[in-house]
Amino acid sequence: MSGKKQIENDFFERVYEVTRLIPFGKVTSYGAIARFLGTGRSAKMVGWALNVSHNKPDFIPAHRVVNRNGILSGKHHFGGHSVMQQLLENEGLIIEDDKVINFREKFWDPSSELL
């Protein structure tokens with residue numbers, strides 16, 4: 001395996017570790033995960049990792065990761081237009097027009113919660 005591929009795999013695994021820790025009923029952002037991992041400018045790479053997380057054998061609650069404004073920007077990766085919204089609503093979040101309405105109240109910041 002090339003060095004670049006190994007770094008990517010390690011990064012993806014670190015993203016999955018953090019994502020698994022997001023509590024039921026909470027959401028975080030791609031950028032918050034990136035900052036926690038010490039790679040603040042890699043929010044898009046966090047998104048790429050979560051896009052392929054569905055191929056992992058264990059459950060990774062990628063639906064709990066939204067963009068910095070609470071928008072369900074990754075919804076098309078869940079096998080249907082409303083699947084991500086349904087998963088979040090099942091956890092008590094309020095979603096309107098593909099946005100978490102109670103985003104500030106439900107935001108989980110790994111940098112403050114895990115350190």
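## Close-up views of a predicted model

**View 1. Valine 46 and the residues around it.** Skip the neighbours within four places in sequence, and valine 46 is in contact with Phe11, Val15, Tyr30, Ile33 and Ala34. What you're looking at is a predicted model. Val46 is also one of the residues with the most contacts inside the largest nonpolar core, along with Val15 and Leu50.

**View 2. The largest nonpolar core.** Zoom out a bit from Val46 and you get the whole set, 27 residues in the largest nonpolar core. Helix 1 gives the most, with five residues.

**View 3. The largest pocket.** Here's the open space: about 280 Å³ of it lies in the largest pocket. Its lining takes in 18 residues, and the ones nearest the centre are Tyr30, Gly31, Ala43, Asn67 and Arg68. Helix 2 and helix 3 each supply at least two lining residues, and helix 3 gives the most, with four. What classes make up the lining? Count five nonpolar, 10 polar and three charged residues.

View 4. Check the backbone here, since most residues other than glycine have a negative phi. Aspartate 97 has a positive phi, near 50°, and the phi of aspartate 98 is positive too, near 65°. Is aspartate 97 buried or exposed? Aspartate 97 is exposed, because its relative accessible area is 79% and the cut-off for exposed is over 50%.

**View 5. The whole chain, for context.** The C-alpha atoms fill a box of roughly 45 × 30 × 20 Å along the principal axes. How does the radius of gyration fit a compact globule? For 115 residues such a globule would come out near 13 Å, so the chain's 14 Å agrees. Buried residues account for 42% of the chain. As for who meets whom, take the contacts between residues at least 6 apart in sequence: 64% of them join residues at least 24 apart.

Conventions
Residues are numbered from 1 along each chain as its sequence is written. This is a predicted model: local features need pLDDT of at least 70, side-chain atom pairs count only at pLDDT 80 or more; totals for chains, interfaces and linings use all residues. Side-chain values use heavy atoms; hydrogens and water are left out. A nonpolar core is a set of buried Ala, Val, Leu, Ile, Met, Phe, Trp, Tyr and Cys residues joined through side-chain atoms within 4.5 Å. Buried means under 20% relative accessible area, exposed over 50%, partly exposed in between (1.4 Å probe, protein chains only). Contact means heavy atoms within 4.5 Å. On a 1 Å grid over the protein atoms alone, a cavity is a set of points where a 1.4 Å probe fits but cannot get out, and a pocket is an open set with protein on both sides within 12 Å along at least five of seven lines; lining residues have an atom within 4 Å of a point. Grid points are joined across faces, edges and corners, and a volume is the space filled by probe spheres set on the points. Ala, Val, Leu, Ile, Met, Phe, Trp, Tyr, Cys and Pro count as nonpolar, Asp, Glu, Lys and Arg as charged, and the others, Gly among them, as polar. The radius of gyration is taken over C-alpha atoms; the globule rule is 2.2 Å times the number of residues to the power 0.38.
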